[in-house]
Amino acid sequence: MRNSSSVLRSGLTVAVAALPLALAAVPAVAAPGISVSTTGSTVSVTTSSCTQISGSWGTASLLTSSQGSFAQGRQVTLSGTPTSQSAAWSNVSPGTYTVIVVCSDGTTAGTQSVVVSTAPSPSRSASPSVSPSRGVMGGVGGSTTDYGTVTLVAGGTLVGAGLIGTAWYLRRRNKPYRL
């Protein structure tokens, strides 16, 4: 018993001693990299990794799946501030692309894939029409037609006749059978 408790104590001592070494191996702050987004046929990239050298932040390149190097892609110069740099490509065809950002000091800020989907075709809307003055009449079945007096009286008569007929039938049915 005494033997196992000393092993337990020495194991805890080793674990406590190794904790600072494990924490030192983890990087303090992860690199910000790049953020790519699409809106319709426009692809945009944002980063905060680049520093301005000789008035230039760097260059971003949009590569198709068949292109293999940075120089083959559609290149755009980064613009921005010390906290955020960005670039954008418009009229990009649907497909899968790779965005690469190279800062002006030659370091790669990041690489990310993006999918550009087909934009929905604009739908043709009906020409504007005059809206009804009373809006939708929910209590009348949603109809906006104003029926005349004759139509309403005829409908009321049919409903009344139906109610009277139903009452007469049910009353006759409840009476015992007579000959």
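How many bridges join β5 to strand β6 (residues 85-89), and in which direction do the two strands run? In this predicted model, 2 bridges join them and the strands run antiparallel, with S79 standing opposite S86 in β6; strands are DSSP runs of E with at least two residues, numbered from the N terminus, and two of them pair if DSSP finds at least two bridges between them. Local features need pLDDT of at least 70 and side-chain atom pairs count only at pLDDT 80 or more, whereas totals for chains, interfaces and linings use all residues. Residues are numbered from 1 along each chain as its sequence is written, and side-chain values use heavy atoms, without hydrogens and water.

The β5-β6 pair belongs to an open sheet of 4 strands, antiparallel in pairing and ordered β1-β2-β6-β5. Because β1 (34-39) and β5 (79-80) stand at the edges with a single partner strand each, one side of each is left without a neighbour in the sheet. Strand β7 (residues 95-103) is joined to strand β8 (residues 108-116) by 8 bridges in an antiparallel arrangement, in which V115 of β8 is the bridge partner of T96. These two strands form a hairpin with 4 residues between them, and G106 in the turn has a positive phi of about 95°.

Helix α2 (residues 149-174) has end C-alpha atoms 38 Å apart, in agreement with the 38 Å that its 26 residues should span at 1.5 Å a residue, the expected span being 1.5 Å times one less than the number of residues. The count of buried residues (under 20% relative accessible area, 1.4 Å probe, protein chains only) in α2 is 0.

Technical notes. Buried < 20%, exposed > 50% of the residue type's maximum accessible area, 1.4 Å probe, protein only.
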